[in-house]
Amino acid sequence: MRTTRELREIVLVGGGHSHVQVLRSFAMEPPPYAHLTLVLDVPLAIYSGMVPGLVAGRYTAQELEIDCVPLARRAGARVILSPATGVDARNRRVLLKDRPPISYDIASFDTGSTVGGLNLPGVREHALPTRPIGLFVRRMDAFLEKARRHPSGKALRAVVVGAGAGGVELAFTLERRLRTELAAGVEVRLLEAGERILPGAAPSLVRRIETQAEKRSIGVECGRKVVSVSADHLALEGGVELPCDLLVWVTGAVSTSLFADSGLATDPRGFVLTRKTLQVRDYDDLFAVGDCASQIDYPRTPKAGVYAVRQGPYLTDNLRASLAGDRLREYRPQSDFLTLLNLGDGRAVGSKWGLTFEGRWVMGLKDRIDRRFMRRFQVLGPDGHPSAEFEAMGTMDGETEGMPMLCGGCAAKLGQSVLDRALERLEPGPKDETVRLGLEHADDAAAYAVGAGDHRPVVVSSIDAFRAFTDDPYLLGRVAAVNAVSDLQAKGVRPRYAQALVALPQDRADETNEESLVQILAGARTVLDLLGVTLLGGHTLTAADALVGFHVEGIVASETELLGIDRLEPGQELILTKALGTGVLFHADMKGMARGSWIGEALESMQRHNGVAAEAAVAHHATAATDVTGFGLAGHLAEMSRASGVTAIVDIDTLPALGGALELMARDERSTSHEQNAKAKKGMRIADGAGSHPKLPLLFDPQTAGGLLFGVPTAERDACLTALRKAGETATCIGQVVKRPADGAPIEVRAASTL
Ligand SMILES: Cc1cc2nc3c(=O)[nH]c(=O)nc-3n(C[C@H](O)[C@H](O)[C@H](O)COP(=O)(O)OP(=O)(O)OC[C@H]3O[C@@H](n4cnc5c(N)ncnc54)[C@H](O)[C@@H]3O)c2cc1C
């Protein structure tokens, strides 16, 4: 019998039309003995077929987005949010931007194409190109806004360059949208460098489009090649100039240089050559589909999403067959397919088998087909709940075989009261006069004096480790390093040396663990090297779960330089860097319920070290600081105010939340150790208006690699916040420190209504 030691690694690069089908299929029926990784440049894949409908105002951006992150989670895949830059097919590695390559047993590329002519003078500055398509969608509002600002007395001249199917639809939908919204007259032109519009389409379809264009006064001009673009006109080959106020660039699909640069066989346009089985020409373990590939046997196949869609089931079957060592299926591109072109006025034109048709019913048909396609991949509905389609597949309710799913990162910390009780039961150790911060201090760092004399330097050290919160070892290494150095930064100390502690799963093959270790240490090194921290060595072991941590050390000339947790002073303002919510976000991610954009933002925050925050704290005369990690903001703040004998007043309205955190909390999603952290409520005074405040749960959310929390004199508050924000930090004043009244609590939570 095979064991998990023989897990094969499948790496999918890109969230194109075929790969989303692989993910869905693997979510419904996971392939045995395989681990899946999805590499994405951006979390959202856009369904281009509905883009003209967005321009027409028929769809919202969300309706044409496939969030690949929850979809991948459903398929048990890890997601790497970093674009692939190449492939080392001989050594079976995918190369990634700003991080080490990842190994694969089988890889597949579905990375689409880009639009040609972007390097012509002025195109990038003045045109709206349709690729990357996500950017096109995001820029559409600003594009329309520019049109609305056009002086009302003058006709607006819009030009669409490129008259393939996409260009034709964009010319019609843009014309309708502009005419509906603008008081000024609108002139729309569709320019094509070739001899005819819609190359390869049935002549009757072309005729219908031309007739419609004439009726709508859309100027269709073939044999018009743009050579440069400026703010208000286009220069054409032959010296002609055309006035232009708005420009959409939708010239034909071209390849990026990724495949040619990787030494793979490509066609003359740079698209990677594939066989009928969708395998890349010289490599059985490398597949490529959709626009990015060119089939050796069918070189004339146009670049259209319909092919990528049809290839999906073949790719899925062939990936499964490759894993099982079975025979692969051969894909032959369909010779004809249903073409449906959106006219933007509620009607569409269609063609199939040489027949053409048009009308509202054709648009209705297109709408039904497109929406049905999208429903298969949109895991989360607009309200954030799993859509009916995925609910029916069975939700990931956070439990496996009756065991609750446990959060990793700092959410996997032992409860504070458990730690306190255990330390209380421990016999005091022998007195050591060199100790400056030890067991009797509730501090995250330890410190001891070295050398002789009255003013001895102090070594400050800390150890921090957590269970894996992600199955991306590189990311884990980075975040674990950020988290570990943060303990010293919170003391105002520059970390200098580190040693690693890494446990890897005992049931994994040696090669898998070797690869993970390389990735973990490489990730950690990016942070440590940047901060001038030397990695001295460490210790590795195998365990039930992966765990990563670091022992970190720094040295200061005198202990008086240290920020303490016991030195908050009445009159200080409380500053928090970074936003809160990583606990609940990664809890939801494990359940396939977090949007990719939320996870992207949280990961960005978790990979940002606290060095800048520490410098600002010291520069603005902070006396006390801590970093916010597993015990949540309330736990760490309570520790500080207890040790300082003061009351911290928190204005709950000010608490900064990461995108999605409040939405998830409103749906009662909570990280594993939230409940444990929320026990801190007992020692807090929560004003009436704050008790039911939607931000209250943020106080107890365990943070992984959270921000710094420190107190600065009131006079320094604004300058400190400005300096932090200028340096790109999220910085918020969340409250004040006051003298603790006789019956006062370490933390008082107030809301605007109670202030
Ligand atoms: C306006 C417009 C309308 C269109 N309408 C139609 C239509 O109605 N019907 C039709 O058949 N075709 C249509 N097309 C063409 C269609 O968009 C493409 O043929 C289709 O998107 C190709 O699908 P794909 O799976 O190859 O790649 P894509 O859908 O482009 O997906 C590629 C994916 O890979 C990701 N990616 C790219 N590079 C990297 C990288 N280096 N690393 C990681 N990830 C990466 C991208 O973010 C994206 O998720 C239209 C095109 C446009 C511009």
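## Crossing of α13 and α14

The contact involves residues on both helices, including Pro473, Tyr474, Leu476 and Val485 of α13 and Ser516, Ile520, Val527 and Leu531 of α14 (residues are in contact if their C-beta atoms, placed from the backbone, lie within 7 Å). By class, this contact has 15 nonpolar, five polar and one charged residues (Ala, Val, Leu, Ile, Met, Phe, Trp, Tyr, Cys and Pro count as nonpolar, Asp, Glu, Lys and Arg as charged, and the others, Gly among them, as polar).

The axes of α13 (residues 473-489) and α14 (residues 510-531) come within 7 Å and cross at roughly 40°.

## Basis of the model

The model is predicted, with pLDDT of at least 70 required for local features and 80 or more for side-chain atom pairs, while totals for chains, interfaces and linings use all residues. Residue numbers start from 1 along each chain as its sequence is written.

## Shell around the ligand

The ligand is surrounded by 34 residues (C-beta atom, placed from the backbone, within 6 Å). Gly14, Gly16, Ser48, Gly112 and Gly290 are the closest. Elements giving two or more residues to the shell include α1 (17-28), β2 (34-40) and α9 (305-324). Helix α6 gives the largest share, four residues. The shell divides into 16 nonpolar, 13 polar and five charged residues.

Because domain 1 (4-41 + 82-113 + 255-335) and domain 2 (114-254 + 336-395) both give residues to this shell, the ligand lies between them.

Terms used: Axes are lines fitted to C-alpha atoms, for helices over the stretch in contact, and angles run from 0 to 180 degrees between N-to-C directions. Two residues are in contact if their C-beta atoms, placed from the backbone, lie within 7 Å. Domain bounds come from an automatic or database domain assignment.
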